[in-house]
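Here are my notes on the model you passed along.

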Amino acid sequence: MTWIKVFSPATIGNIGPGFDVLGLAVKHLGDVVEARKIDKPEVVITDIQSPMTLSKNAAENTAGIAAAEVLRILKIKTGVELKIKKGMPSGSGLGSSAASACAAAYATNYVYGNQLSQEELILPATKAEEFVSGDFFADNTAPCILGGATLTRSSLPLDVTKIGSIANLCIVLVTPEIVVLTKEARDILPKQVNMRDFVFNMANSCLITAAFAKNDYSLFARSLNDKIVEPARANLIKGFYEVKQNALLAGADGMTISGSGPTVFAITDQPQKARFIEDAMLRTFQRHDIKAFSLITEVDNEGTRLVEF
Ligand code: HSE
């Protein structure tokens, strides 16, 4: 049977104050899943290329879980074989598990006749994400499938909207070599929030939505502020406030945590400034004896797609 190949981008989710709601797909990082139909009624993962050890047991891998969920929805009695190539580190706050899930969901749907729409693929991919995070949120899977920035109004039932993009947004991603488990980063969040902080975060989230809808960088730059989740998680990332301060001193218009971390991202609309910002952030992590990987990128407006062999 014919093999197909699918790419899914890395994602930033949450975008600042939009906890579990706002997400964004980014270019130059992502996972590739190859798939073909098989006669056996199962999902088999025959190859994983990844610097980390990941389970080939389809029931324990987000790609396998998402593919099985698509087969179940389509009531298919045969199966699918998958090969996975990881293009980003797991547990980095860049939507690694979502990317594998989205690529596998898309690929399985494609080899069986493309019966589900892109929006309908978000649910099986999000169910797979739930397996690793212990919680149900679509702020990585929605932008990963649809591209650009997305907003999740409700997870159950799933109600997701693609907002748009910001053409001149330059994103400096820095991933320190620190382990932050999504579950742990969720468990430490406050159970109650102060009304003033809630209003502040809501206003900034609404403005970020408007910024991506209007392709308005300066509106986004004014709105990347989070008084609730960032302060709770900052201590999980050694040197966080110093890295932020130095990113801003180097010219960034904002910096916060990508997803549950440890990746942080800074923003500018001036590509020539991005290298200085990146350098300042890397040096600051270095001063804390933390190695870090960095990338200057932009919005991926396409989302999950078929690619050539
Ligand atoms: N919205 C989730 C969180 C994303 O911040 O916990 C996890 O990658």
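Predicted model: local features only at pLDDT ≥ 70, side-chain atom pairs only at ≥ 80, totals over all residues.

1. Cys-144 is buried, at a relative accessible area of 0%. Buried here means under 20% relative accessible area, exposed means over 50%, and partly exposed is in between (1.4 Å probe, protein chains only). Cys-102 is buried too, also with a relative accessible area of 0%.

2. Residues are numbered from 1 along each chain as its sequence is written, and side-chain values use heavy atoms, with hydrogens and water left out.

3. So what about disulfides? A search of the whole structure turns up zero, taking a disulfide as a pair of cysteine sulfur atoms within 2.5 Å. For Cys-102, the nearest cysteine sulfur belongs to Cys-144 and is 3.7 Å away. Cys-144 is likewise in no disulfide, and its nearest cysteine sulfur is that of Cys-102.

4. Next, look at strand β2 (residues 22-38): 12 of its 17 residues are buried, so the strand is largely enclosed by the rest of the structure. Helices (H or I, at least four residues) and strands (E, at least two) are DSSP runs, numbered from the N terminus.

5. Now the partners of β2. Two strands pair if DSSP finds at least two bridges between them. Strand β1 (residues 4-12) runs antiparallel to β2, joined by nine bridges; Lys-5 has Glu-34 as its bridge partner there. Strand β4 (residues 79-85) pairs antiparallel with β2 over seven bridges, with Ala-35 partnered by Leu-82. Strand β5 (residues 149-154) also pairs antiparallel with β2, over three bridges, and Leu-22 sits opposite Leu-151.
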